[in-house]
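Hello,

I am handing this structure over to you. Please open it alongside this email.

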Amino acid sequence: MATLRERLKAAETQLAFLAGGATGAAVSRVGAIPAARGAARLAVGTQKGRAVLAGISYSVLRDELNARDQAAAEERFGPRAGIVEPLRALQPLPLPIAQATIAGMDAGAKIRKKAVSKFNKAVSAGMKQVKASTSNGKKGSIKDAKKAFATVTKTVSKIRKGGKVAKKGLLRKIGLAAKKVLK
């Protein structure tokens, strides 16, 4: 990886190239940094200069980030990390994950799926009962989903707190289904 001084020198060289031949005399008169600033102003002043400067900046940044990734991967995974470049061209993966895969290591945190609560399972069972019955629209569909969901959640909550199941109708079916899940 290039040192800061080498990167500054490369940037000055690129700016001098963009500004043209007059930069040499300016550098000897006023010094490198003010001359580079002047060259940058000249380069940014034209549309072509801005495009070239943006391209150079992007390529320098990209190369530096790739070099950093490569160094970090070699430090972490050893010399086998260099195998990744041909594979990366075929299927671009984030570099550390690709190198960890090649090295045979697990990379990236494995996210466990959140467990569904008993209440939610009971609500799901209640909604299945609503969908299966004809009291809230025809079988297989729900006429007013918001109202049905409110009814199911209230019934399941009541059963969960130890309330009684209704004597008949859809509320009984929801309550029995909830009781099975909550027991």
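Below are the notes on what was found in it.

First, the ground rules. This is a predicted model, so local features need pLDDT of at least 70 and side-chain atom pairs count only at pLDDT 80 or more, while totals for chains, interfaces and linings use all residues. Residues are numbered from 1 along each chain as its sequence is written, and side-chain values use heavy atoms, with hydrogens and water left out.

**Overall build**

The protein has nine helices and zero strands. Along the sequence the pattern reads α-α-α-α-α-α-α-α-α. Helices (H or I, at least four residues) and strands (E, at least two) are DSSP runs, numbered from the N terminus. The protein has 183 residues, and 22% of them count as buried. Buried means under 20% relative accessible area, exposed means over 50%, and partly exposed lies in between (1.4 Å probe, protein chains only).

Lys121 sits in helix H7. Its relative accessibility is 46%, so Lys121 is partly exposed.

Ser133 lies in the loop between helix H7 (118-132) and H8. Is Ser133 buried or exposed? Ser133 is buried, because its relative accessible area is 9%. Its side chain reaches the backbone oxygen of Val130 at 3.1 Å. That is a polar contact (a pair of N or O atoms within 3.5 Å; within protein, one must be able to donate a hydrogen and the other to accept it, and residues adjacent in sequence count only if both atoms are side-chain atoms).

Ala145 is in helix H8. At 45% relative accessibility, Ala145 is partly exposed.

Gly163 belongs to the loop between H8 and H9. Gly163 is partly exposed, at 27%. Gly163 and Gly175 are twelve residues apart in sequence and 9.6 Å apart, C-alpha to C-alpha.

Lys164 is in the loop between helix H8 (145-160) and helix H9 (170-182). Lys164 counts as exposed because its relative accessibility is 71%.

**A charged patch**

Which residues form the positive surface patch? They are Lys164, Lys167, Arg172 and Lys179. Like charges are joined within 9 Å.

Best wishes

How values were computed:
Patches are made of residues with over 30% relative accessible area and no salt bridge: like charges are joined within 9 Å, nonpolar side chains (Val, Leu, Ile, Met, Phe, Trp, Tyr) within 5 Å. Accessible areas come from the Shrake-Rupley method with a 1.4 Å probe; for residues, only the protein chains shown count as cover. A salt bridge is a side-chain nitrogen of Lys or Arg within 4 Å of a carboxyl oxygen of Asp or Glu. Lys and Arg count as positive and Asp and Glu as negative; His and the chain ends are not counted. The place of a charge is taken as NZ of Lys, CZ of Arg, CG of Asp or CD of Glu.
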